[in-house]
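Here's a quick briefing to read alongside the model. Have the coordinates open and follow along.

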Amino acid sequence: MTSRKRIYLDTKFWIFMRQVAQGFASKEKQEIYSLLSYLVKEKQAICPLSYHTFRELFKQTDRESRLLTAEIMDNFSQQYCYISPTQIVGQELVIFIQNEQARIKQKSLHENIYFVWTKVPFILGELFPTWDNESEFSVQIRNKFLEYYSDISLKDIVEKLSIGLPHKSSSELIEKVNKGKDENQSWSTYHEVFMHEIAGILDVLQNDFEKMLMYYFEVNTGETISMEILRKLKGGKMIADLIYKAFDKRKIRKELPFINIKATIHAQYRYDKSRRFKENDIEDIGHTAWALPYCQYYFTEDNYATLIKQTKIDLYYSTTVLSKEKDIIHELSKLI
């Protein structure tokens, strides 16, 4: 993954690629398809999938279209994807803490980019038989399951899940988010709105901070500590407060990208009082939180590309965000 140019396609562009395969797409879309195919075949580029890509794939109601889209995704992604959303937040937190410790000890730093990839069958997390012991036999069984699942394609999964996944409309959530936006307009600067978002995210993550502290305590002491004791010590709140202060003083930029990007985009929506959240916006924010920190290119909708560039968060992560077909063709042509 790290040796190739990583190109993140949002759902709009995966649909374009399917239309090319079905034979009814414009010349520009055909050229994009051809360029991506060549770059992937020559191992110069790859288009990784994410949980949000997977989720939106199953919104397609026509089974044949869904299967064809899955096949194209298999080809362009080489069946590589991000680890699950819950894992990636935890991974970023662990790397953040380790790097802070490394800076104090003047040791080399870790990079998230090496720890966020997996294969398509594990897009929702790693699931395999496990036992309470770590005997050689149980480890062998686990490894065999990992090997077996690693060979399963996205198309295989779609064929087995013939009825699709249950889809719950997010309209109620969007209505609640817009109502909350309308009722909380007591701010004067963008940074103030951004910090409101950071505070909300950190509050939700306090349980994760406590689990991380438990892990580090066990690693460093060889002993266990109960969650009850950690909560009495307010360890999770202490980490949340430290991260909040770092964001407030603008000391965090590329670190903790999932938190940073989500807070930035949400804050931009709230700062523009006339903008309304729409049903697809939740997925688009998810796509962006994966694409910007871990891919060099992000192809998305016109209005979303404009929004990202307004925040300038694409510059933090040195990611090229494009929406116009002619611009994409020009950029891909330079990679050949």
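Glutamate 331 is buried, at a relative accessible area of 15%, where buried means under 20%, exposed over 50% and partly exposed in between, computed with a 1.4 Å probe on protein chains only. This is a predicted model, so to speak of local features pLDDT has to be at least 70, and side-chain atom pairs count only at pLDDT 80 or more, while totals for chains, interfaces and linings use all residues. Numbering starts from 1 along each chain as its sequence is written, and side-chain values use heavy atoms, with hydrogens and water left out.

**Buried charged residues**

- Glutamate 331 sits in helix 17 (residues 325–335); helices here are DSSP runs (H or I, at least four residues) and strands are too (E, at least two), numbered from the N terminus.
- Not counting residues up to four places away in sequence, glutamate 331 touches Tyr297 and Leu322, with contact meaning heavy atoms within 4.5 Å.
- Lysine 29, in helix 2 (residues 27–41), also counts as buried, because its relative accessibility is 13%.
- Leaving aside neighbours within four places in sequence, lysine 29 is in contact with Phe16, Met17, Gln19, Val20 and Glu325.
- Phenylalanine 16 is 13 residues from lysine 29 along the chain, and their C-alpha atoms are separated by 6.6 Å.

**Helix packing**

- Two packed helices are described by the angle between their axes and the distance between the axes.
- Helix 1 (residues 11–22) packs on helix 4 (residues 63–77) at about 105 degrees, with the axes 9 Å apart. That makes helix 1 roughly perpendicular to helix 4.
- Axes are lines fitted to C-alpha atoms, for helices over the stretch in contact, and angles run from 0 to 180 degrees between N-to-C directions. Under 35 degrees counts as roughly parallel, over 145 as roughly antiparallel, 65 to 115 as roughly perpendicular, and the rest as oblique.
- On the helix 1 side the contact uses Trp14, Met17, Arg18, Ala21 and Gln22, and on the helix 4 side Ser65, Leu68, Thr69, Ile72, Met73 and Phe76.
- By class, the contact of helix 1 with helix 4 has 7 nonpolar, 3 polar and 1 charged residues. Ala, Val, Leu, Ile, Met, Phe, Trp, Tyr, Cys and Pro count as nonpolar, Asp, Glu, Lys and Arg as charged, and the others, Gly among them, as polar.
- Helix 13 (residues 257–271) and helix 15 (residues 302–311) have axes that come within 10 Å and cross at roughly 100 degrees, so helix 13 is roughly perpendicular to helix 15.
- Thr264, Ile265, Gln268 and Tyr269 of helix 13 meet Tyr304, Leu307, Ile308, Gln310 and Thr311 of helix 15. By class, that contact has 5 nonpolar, 4 polar and no charged residues.

**Cavity and pocket**

- Searching the whole structure turns up 1 cavity of 30 Å³ or more. On a 1 Å grid over the protein atoms alone, a cavity is a set of points where a 1.4 Å probe fits but cannot get out, a pocket is an open set with protein on both sides within 12 Å along at least five of seven lines, and lining residues have an atom within 4 Å of a point.
- The largest cavity has a volume of about 40 Å³; grid points are joined across faces, edges and corners, and a volume is the space filled by probe spheres set on the points.
- Thr11, Trp14, Ile15, Thr53, Glu56, Leu57, Gln60, Thr69 and Met73 line the largest cavity. Helix 1, helix 3 (51–57) and helix 4 each give two or more residues to that lining.
- The second largest pocket holds about 550 Å³ of space. Of its 25 lining residues, Glu111, Asn112, Ile113, Lys254 and Pro293 are the closest to its centre.
- Helix 5 gives the most to the lining of the second largest pocket, with 5 residues. By class, that lining has 12 nonpolar, 7 polar and 6 charged residues.

**Loop residues with positive phi**

- Most residues other than glycine have a negative phi, and most peptide bonds are trans.
- Lysine 43 has a positive phi of about 60 degrees although it is not a glycine. Lysine 43 lies in the loop between helix 2 and strand 2 (45–46) and counts as exposed, at 58% relative accessibility.
- Glutamine 78, likewise not a glycine, has a positive phi of about 55 degrees. Glutamine 78 is in the loop between helix 4 and strand 3 (80–82) and is partly exposed, with a relative accessible area of 37%.
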